[in-house]
Each structure stands twice: as structure tokens, then as C-alpha cells.
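Please examine the sequence and the structure shown here.

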Amino acid sequence: MSIAPATTGALDRPPSAAGDRRRARKRARWRRRLIVLGFMSPWVVGFGFFVAYPLIATVYFSFTHYDLLEPARWIGTANYEYMFSEDRQIWGAVKNTLWLVAIMVPLKVLFAFGVALMLTRARRGIGFFRAIFYLPALAPPVAATLGFVYLLNPATGPVNAVLGVVGIEGPLWFGDPGWSKPALTLLLLWGVGNTMIIFVAALVDVPRHLYESAALDGAGPLQRLRWVTLPAISPVILFSVVIGTIEALQLFTQAYVAAQIAAGSASSAGDPSNDLGYPEDSTLFYPVLLFQQGFRFFNMGYAAAMAVLMLVVTLAITLVIVRNSRRWVHYAGGGR
Amino acid sequence: MSTHAPPVPVAPAPIVRRQLPRPVRRRRLLIAIADHSLLIAATIAFVFPFVFMVLTSLMTTDQALSPKLWPEPFRWSNYGDVFDQAPMLRYALNTLLYSGLATIGMLVGSIPVAYALSVLRWKGRDAVFLLVLVAMMLPPQVTIVPLYSFWAQLDMVGTLAPLIIPNWFGDAFSIFLLRQFFMTIPPSYIDSARVDGAGELRILTTVVVRLAKPAIAAVALFMFLFTFSDFFGPLLYAGDEETNWTLSVGLAQFRTLHQVQWNITMAATVMVMIPVILLFFAAQKAFVEGVTLTGVKE
């Protein structure tokens, strides 16, 4: 009873105290929102200006004639009609890019996997070998391309010189429309380091006891590779196929530089504006053509239409790969 | 992991190794040789391009045109001649400007965003993170037409500013990596800082940044390497303005523009590769240290 006065004293003000608390809580909530907004503000501005706006504007420009000098003029679906009926070059470019997706990407994944397998089996010097295989991936693409155009130079390049010693007449590589894409593939295989590192990490993570129990069941090395290693690293295979495909669809620098240098070597009076795709449009990949249309010819409306098609195709191919992967990718823990 | 005491060594049960039968031993040896010979062959193939680039960069002009592979005499002055052929120092300075400002800007713009996407809790966070992933996967070619026209209206085409400025608003890939790392920081560290009365900005600059040093070093390194090697960006925006060329653009035009021989071209190529190789060996150590220093995992 002795505390009653104190209690009633406290009970005198409950409505206002609760109101204070509510108001304080509200203020705190607003403060927290402002903090989040403050921290997110660089990205909000950046995403708006450099992703959302250009994405929408690309679709708009694809329905216009636009050359940067005059304001864009609405021409309806004319760009798309030209693309699907008259433009001869674009389907060659699409074919070149699909060649990369169908041939270069599987080769690259296979090669990365093979090198990673060899690396994890080596008992000594893993650090040394890993550095050797990883370094080319870091070489700036322009420098690496220049190096390969020189190495594969038909007349004086060391590769054909070495082949000549063995008695093989080397091809013209970057100078032959049939060999330019394989030559580029060699260059891209040299830069396989990133994919390889991911495979090494995945291979090291495969639980040892799986191999041991498989061996106890009488599985040989090949069977263990097929039934233990491959399922265990299948998520990484999927990842590298998806990333490799996205990269292949965007290949620009190596093709651009190789064509320019190889064309320059062929005719000493190199005219840099007509070299793209050399020889005979065999290295004219989709992004190269997009660059040529947009920023050499300033057909920017048409380049925007090409960009829209590129976005759609990239999404479609990625989706198809991921969809099909459900049949062969196994995630640890049984979840599919 | 460093906090764990080493496991008490258990006395190994004595294993009596039976001498393996001879055919098994021979087969194992052959397999080992086969394995390693493949590895050795692959190693040679991977080193081969580097070796011949360097060898050619030391040849005389006449010799570079001949099929001979070993330089005689060694012509070291090729490396000096590179600077007479093209303003390499100018290119290097532009490259450093681009790489440096883009990397600093990326850190300033990305770290707070990664913090808001990992440490702070709010409605819609996962949806926004999904948008970051979408931005990361978007092919750069898809947005260049409007972006180019945007920078042209600001009269910035011809400079490297269109490549530097966007990074100050955060880079999707860096935000993604940093966010993944920030997620591994135990909430107890952050809660105890909050109990001590630290505001979010203080927690970010003291607790999180200190714990995430290896991740921050990694994204800075990736950004630096990417911008140093970038060709498409500088070609697009500074291609017509030689005073603003970077090393990549200058190197790509080197042979065509200056009609120089392969030996000088290879010397320039090797010079552009050297900083990257040095950075790799320097940073490899930093990476290993960074990984071992993270006592974050409990």
C-alpha cells in the first residue's frame, strides 16, 4: 500500500507518455528510413541514370532514326524490318557469335576443367602452376591479342616456324576466314584462368569420403570422375557455362584488335575504318557490328534496335541453359 | 579459425605397408608420369606466348622479320624506342587517372550501398538486391546508345569522364561482392557497437570497413585491373581524342598508326603487361594474408 501513491502518480500521465513513446517510435522509424535512403542514395541515382533510363531509352531509340546531330525521328518498326529482311551483314554476325557459343564456350569449360584436374592431382608446386595458368587471364586483352597476332603471324610468327620444323605448313590464322575464329579461340583458351580457378576450388571441396567409398565399391578412376566428381561440381559447370556464354555474346576487344592488326599486316596501307571483321567478315561478331553501326556510321537508331535484340537473345539463351540444367545439376543436400 | 586450439594429436595406429606387387607399382609410376607430362606440356604451352613476346621485343628489326627465334644480338634499346614512336607516358598517365579515380569512386559509392544491403534491415531489401544482380548481368552494349547520347549532350565525349563518373554511384559487381562479404560479419560485432551508442556511419567506417579489409582490397584490385585493361570504354569515348587515349587504346593503334615493326610493338606490349604481372604477384600475397587475417568466421 505504501507504494500506491507512487503508482497513481505514475498513472496520472499514461496517455501522454504512450503518445510520446508512439511519436518517438515513429520518429525513430523515419530516422531509420532516412539512414537506409542515405546509404542507398549513390546506387539509387546511379541505377536511375545509368541502367533504368538507358534501358528504356534504348527501346525508344530502336523505333527512331537517330544520328546524334539531329533529334531522334520516330520511324516505327523500320529498323526491325530492315534487320529481318534486308540487312545481309547482321545474320553473318549472328552466326559468328553463335559459333563462339557453340564451339568456343564448351572448349573453354572442358579445357578449364582439364587443367584444374591436373592441378589438383599434382603433389608439389600447386602455387607455381596455378600462377602460370592464371596469369594470362590477367594480361590486358589488347596486349594479349597483339601477342597472339604476332605469334600466329603466317610469315614470321614462331608458331608456324615451329610447325615448319615438324614439317607442317601452318595456316594463315588471322588472315584466313576459315582459321580466324579458331585463332581467336586459342587466344581465349589461353585466358582460361578465371574459370580454371573456380574449378580448382570446387574440386578441392569434393568430400574425400565419397571417393573412398566409391573406390571401396570397386569404381576405377574414370568411373569416379563420372559418378563422383562430375555430379559434385555440376553447379560450377553450370555457372561457368552461363558466364562463358554471356562473355561470348559480348566478345568485342579481341575481335576488333585482331582484325585491325591482321588487316594492317596484310596491306601496309591499313585503312582502320574498313578493317572490322577482317578477313571477309569472319570476325565480325554481333557486338562489333553494333559498334560499327552505332559509332562508325552513326546509325544509332539501328544500333539501339540491335541492342534490344541482343538483350532478348542473351536472356533467352541464359534461360534455356538454366532450364535444361535441372536435369544434370545436383546441389548438395538433395535439393534440386 | 585462428581461435581454435590445434586438435590434440592422436597417436597414429602403426600401419604395416605391404610392398605392392610390381605391375601395380609400374602402372602407378606410368600414370604419375602421364599426369605430370600433360601438366608440363600445358605449362609450356601457357608460357610459350610470354616467352616469344619477350624474345621478339629484344630482336633487331631485320631479325623480327626472319623466322629465327633467338635474338642475336639482344637489342634492349627497343624499349626506349617505344617512347619515340608514341606518347606512352601520356597514355600511362591517362590510364592511371581513369583507373585511380574510377577505383576510388567505386569504393566511395559501393561500400555504403553494400552496407545498406547487408547490415541494415528494411522492407524491400531483397528486391533491390535482385535489381543489383540484374544490373550486373546486363550486357554493356545494351545501354550504350542512350548513354553515349547523354554524355554527348553534356559535352563530355572525348574525355574519360563518362567512364569515371558512373563508378562514383556504385558498381554492381563490387556491391555484390562486398555485400556477400558483409553478410558474413557476425551480428554480435555490430550490435555491441550499437549498444555503445555508435551511429550507422560510425559502425560502417570503424567496425565493418576494418573487418572487411580483404574484401575491399579485392574489389579495388578487380576494379583497377578492369579499368587498366578496358578497351571498349576508352575507345568509345576517347577514340577520336588522342590526348585522352589510355594504354589499351594507344597499344591497339600502335602498329597501324605508326607503321612500326613487330619488335617495337612487342616491346610496347610487354611494357603494358608488366604492371599487371607485378600487381598480381604483390596482390597474391595480400590475398593470402587477407584470407588468413579474417578471424571473422567463428
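Among contacts in chain B between residues at least 6 apart in sequence, 76% link residues at least 24 apart; two residues are in contact if their C-beta atoms, placed from the backbone, lie within 7 Å. The model is predicted: local features need pLDDT of at least 70, side-chain atom pairs count only at pLDDT 80 or more, and totals for chains, interfaces and linings use all residues. Residues are numbered from 1 along each chain as its sequence is written, while chains are lettered from A and ligands numbered from 1 in the order in which they are written.

The secondary structure of chain B consists of 14 helices and zero strands, where helices (H or I, at least four residues) and strands (E, at least two) are DSSP runs numbered from the N terminus. Chain B has 298 residues, of which 36% count as buried. A residue is buried if 20 or more other C-beta atoms lie within 10 Å of its own, exposed if 12 or fewer, and partly exposed in between, with C-beta atoms placed from the backbone.

Chain B is assigned domain 1 (22-78) and domain 2 (85-293); such bounds come from an automatic or database domain assignment. The C-alpha centres of domain 1 of chain B and domain 2 of chain B are 34 Å apart. Their contact draws nine residues from domain 1 of chain B and eight residues from domain 2 of chain B. On the domain 1 side, helix H1 (22-57) and helix H2 (61-64) of chain B are the elements that give two or more residues, and H1(B) gives the most, with four residues. The residues of this side of domain 1 of chain B divide into four nonpolar, five polar and no charged. Here Ala, Val, Leu, Ile, Met, Phe, Trp, Tyr, Cys and Pro count as nonpolar, Asp, Glu, Lys and Arg as charged, and the others, Gly among them, as polar.

Chain A is likewise assigned two domains, domain 1 (4-61) and domain 2 (89-325). The C-alpha centres of these domains of chain A lie 49 Å apart.

Leaving aside its neighbours within four places in sequence, Ala258(A) is in contact with Thr145(A), Val149(A), Phe174(A), Leu184(A) and Thr283(A).

A helix pair in chain A comes next. The axes of helix H9 (residues 193-205) of chain A and H11(A) come within 10 Å and cross at roughly 170°; axes are lines fitted to C-alpha atoms, for helices over the stretch in contact, and angles run from 0 to 180 degrees between N-to-C directions. H9(A) and H11(A) are therefore roughly antiparallel, the term for angles over 145 degrees. Thr195(A), Ile198(A), Phe199(A), Ala202(A) and Leu203(A) in H9(A) meet Ile233(A), Val236(A), Ser240(A) and Gly244(A) in H11(A). The residues of this contact divide into six nonpolar, three polar and no charged. Leu230(A) belongs to helix H11 (residues 221-250) of chain A and counts as partly exposed because it has 14 C-beta neighbours inside 10 Å.

Most residues other than glycine have a negative phi, and most peptide bonds are trans. A cis peptide bond, however, joins Tyr278(A) and Pro279(A), with omega about -10°. Pro279(A) is found in the loop between helix H12 (253-266) and helix H13 (286-296) of chain A. Glu280(A) has a positive phi, near 50°, and Asp281(A) has a positive phi near 60°. Is each of these two residues buried or exposed? Glu280(A) is exposed because it has 12 other C-beta atoms within 10 Å, whereas Asp281(A) counts as buried because it has 20 C-beta neighbours inside 10 Å. In chain B, a cis peptide bond joins Glu72(B) and Pro73(B), with omega about 0°.

How values were computed. Parallel < 35°, antiparallel > 145°, perpendicular 65-115°, else oblique.
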